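Q: Please take a close look at one part of this structure. Walk me through it step by step.

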Amino acid sequence: MNTEVQSFIQKHDLLGCIQCGRCTGGCPVNTRTDLNVRRIVYDALDESMLDELAKLPEVWDCTTCETCAIRCPKGLKPMEVLIGLRNILVESGVIQPTVRDALESAFREGNPWSKPKATRSDWMQGLDVKIAVPGEKVENLIFVCCTIAYDPKVQVIAQNFVKVLNKAGIDYGFVGDDEVCCASEIYNMGEVGEDGLFEMMVEDGTELLNSFDTTRIVTLSPHCYDALKNQYPDLQAEVIHYTHLLKEILEDEKLVFTKEFAQKIVFHDPCYLGKRNDVYDEPRYILNQIPGAEQVEFSRNRERSLCCEGGGGKMWAETESHKERLAEERVRDAKELGATILAVACPFCVLTLDDAVKAKGFEEEMQVMEILEIAGKLIE
Amino acid sequence: MNNKPKIGVYVCHCGINISHTVDVEAVAEFASQLPNVRVAREYSYMCSDPGQALIREDIKNEGLNRVVVASCSPRMHELTFRKTLAEAGLNPYYLEMANIREHCSWVHGDREKATAKAKRLVAAAAVKARLLEPLQEKEVDVEPASLIIGAGIAGIQAALDIAEAGFKVYLVEKTPSVGGRMSQLDKTFPTLDCSACILTPKMVDVASHPNIELLTYSQVEDVSGYVGNFDVKVRKKARYVDMDKCTGCGVCAQECRLTGRIPSEFDEGMGKRAAIYLPFPQAVPAKYTIDPERCLMLTRGKCGKSPKCVDACGTGAINFEQEDEIVEFKVGSIIVATGFDVFDASRKPEYGYNDYENVITGLELERLVSASGPTGGDILIGKGDDAYVPKDIAFIKCVGSRDKSVGNEYCSRVCCMYTAKLAHLLTEKIPDANVRVYYMDVRAFGKGFEEFYDRVRREGVRYIRGNPSEVFKRGDKLVVKAENTLTSTPVEDEVDLVVLAVGLEPRRDAREIIDILRLSQSGDRFYMEAHPKLAPVDTATDGVFLAGCAQGPKDIPDTVAQAKGAASSALVLLSSGKVKVQAQVSHINEDTCRGCGYCVEICPYSAIELVTVNQFGHEALVARVNDALCKGCGACVAGCFSGSAQQKSFMDGQILPQIAALGVMR
């Protein structure tokens, strides 16, 4: 037991913490939940406390936006401490049924949404989609994401991407029916460690993706982008987000937005694209090509973007707080700016912000749109 | 002289540093059996007086002509024992040291194995001792002058000390005026002395001292030579103003078409200047300079019908034809006092420094507070009619210090106190201000610091423990997002002004001086001293010394103290008039050298050159070492393809038998 706990302290470099408070200070959910990651890092130094800490409900309030780790002056990753605690709980087996179901579904069906594997490509119906074949050369291998594939509210992202790719004449192929979850959210829900589900899925996923003859993998969700790019060490192809490719397409003038879109657009930086991977300029480049549109910026943009609370397993582990959701604060800020379009580049952000617009009753003034949805409109 | 080796071996206990792991008696007994060893002894402290006396007496009584001391690293005491040999009339280079402390007792636990290793080290040293040759130390004359690079308070103080001692000083400053960072400060902590009041007299002194040649708006381009004899080349940049004619009246700047349009470097961009300018009113020399990158005449060749400065100048001092001038001179020593740059706050984008005009740095606030600053000492944020006096003010400490995420792990040492000072000045200037300081630790370590921190707190400045994570705008207010770590409470503090206590960094062009003087950098990227404790102003390059923040962040008292230390070290050289040069230099056998020039290329001290010699009637290129420049690093020896380069005391014929005696080579 002792050596095991030692390794928890060592693994997370807890002795390096100087309790400066930047982690909790920057934590977006600190205004609405009891989560205080600095305290947890401090308390975790006491080896006998770990099991108790793991049972704290606020451990599940972390959205894995990674602000705490980015701001830490000593190079610690407080967020990983929370995932470590979730792992203790997951291993003990006492977890919320929704989380358990998501993990089980990921194991059985290759997606956390409890949907059958066989229906993964149903969103493609009626579209002219090219499917990649293992061993056959394809320049861009498209990785869709479970949420986009199954949730009718965001399938439109993939559908519009097909339109864009076809119209621009891009050499591409979708992974198709064999695609399985990138496991980003499995990691965040603590199903990690030796023989963990996450490690298993990374291994299988790597084998699947390496079977294609491609130079790069284009992800639709920033969450898949982050996982494939940073947590799949043996992947052969380069991993990019679709905004990289779309910027390229527009730069090369393979596609030109010609239609007027007279809207006031504010872009919300997804944590997994911005903070975690420093992709800030590509989405803005794309939005700047839209004729007739006016661009405005949140005060909390780029490195300071406010998390929408969509990540970190939050889709399956609802927080107990009844205080205003961050997504609601976000759409209020957007309304103050007079924005008519709240543009995003992430399926989770679409879901949370769209809910917030409805909860606030802003449907008249404002619409949440994924960048690909806007692009699709402009090339119809 | 009978050169049959008679070796004395002396095994040191070093208190218990060596003897607790190594059986020193056994090592001495073993050594006494080695070939050519006449005596072998062990003693508690060989470096002590009685320890050295043992060696001296044995040399006299036993006729020793080689000595092996088995003790600590030669870095520690090689010079000590060389002196011992010399005192007994033996050539000091007949000494060989076996390092049985750092290389043995300190790093091993097993007494038996450590003792066996110590025996081998001693045996190997004895083998080499037999093969040592006597070397002669040479002396060269020292040029009685000093070059000081940088005329901030460090450079100024060092210049005055050396000049007062009667030696010539060349004081080179990159900007148009002396004074450096200290001249930008309003008050100094913790005494609240007016910075200008204590600095300006010294600035005037360096300009008027007969022994100081002041070269402002100048840069060192090249330094060659070696300790005692450096050749220096300085570029005096064109000011486009005749220094002899300019009276410093300032009419030109008033008339300049760009007046009030160019951000003033001295005011950290808080104020504006003209294209022809005096950096600040007390500047020394009080001569104007034209900014060649802004002046319309110099950039476009045209300034209206005619340049207004020319029309305005009563003495005809302006000269657009002026050119850079190269000045060359010789010095015996060099002091590097190039100072620091403040951390660029835009590298922490979460604090919004680039986004909001009411997020400013400590040095910017310093200019606002200063009576000679752009607002005449009023704390006004914003421009023109929109300017306002902030009421809620938050300081954020450790911006760019103690922060791995920006690559600066060190503490900048001055921010805690300058924050306290600025907070105090704000409460004085804005009596109803609500000032809070967000901190993670308060480091008030200097004389009078803790007392000052106490005073500032009691004046009502609130210290909140928690390093803020971000700053963003909400309505008219800035929100400082932090955690009060003492109460575990998240904070969204709405304020009118955020002051970032930015840390100190090495000069962004620090590389230039490194290349010119072959300096090293420590892990924090500041210039590295020769030894952090015992040679804090020396560098790896003999005759080159460090002073002030170029070596690492420090406050004014420490800077002045170090400047005086550097001046004193430089003076030791200058006043002795002679300098010994390294005896264990490299030597190239010109008979076997092929003149390929590889050693010339790899020598880090530019000590080797190719020369043409006559070999049996043929002209041939061979490499030759300048003994005065060679540091004995051995790079050429390792690099030489023909084995022609050999380092004295480390020749192949000496070290290969030594290595063989260790028993590690097949």
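A: Two strands pair if DSSP finds at least two bridges between them. The model here is predicted. Start with strand S1, residues 7-12 of chain B, which pairs with S2(B) over 6 bridges in the parallel sense. One of the residues to look for is B:Gly8, whose bridge partner in S2(B) is B:Val39.

Now widen the view. S1 and S2 belong to an open sheet of 4 strands in chain B, in the order S2-S1-S3-S4. The pairing is parallel. Two strands sit at the edges: S2 (37-43) and S4 (95-99) of chain B. Each of these pairs on one side only. From one strand to the next, the twist averages 15°.

Helix H5 of chain B covers residues 111-131. H5 lies across S1, S3 (66-71) and S4 of chain B. Relative to S4(B), the helix runs at about 165°.

Where does this part fall in the chain? The domain assignment of chain B places residues 7-135 in domain 1. Other domains follow, including domain 3 (251-312) and domain 2, which is assigned in pieces: 145-237 + 324-339 + 507-578.

Domains 2 and 3 of chain B also touch. Their contact involves 14 residues of domain 2 and 13 residues of domain 3. Between them they bury about 980 Å², with 64% of it on carbon and sulfur atoms. On the domain 2 side, B:Pro176, B:Gln184 and B:Tyr217 lose the most area to domain 3, together 45% of what that side buries.

Conventions
Residues are numbered from 1 along each chain as its sequence is written. Chains are lettered from A and ligands numbered from 1 in the order in which they are written. This is a predicted model: local features need pLDDT of at least 70, side-chain atom pairs count only at pLDDT 80 or more; totals for chains, interfaces and linings use all residues. Side-chain values use heavy atoms; hydrogens and water are left out. Axes are lines fitted to C-alpha atoms, for helices over the stretch in contact, and angles run from 0 to 180 degrees between N-to-C directions. Contact means heavy atoms within 4.5 Å. Domain bounds come from an automatic or database domain assignment. Buried area is the accessible area (1.4 Å probe) that two parts lose on being put together, summed over both.
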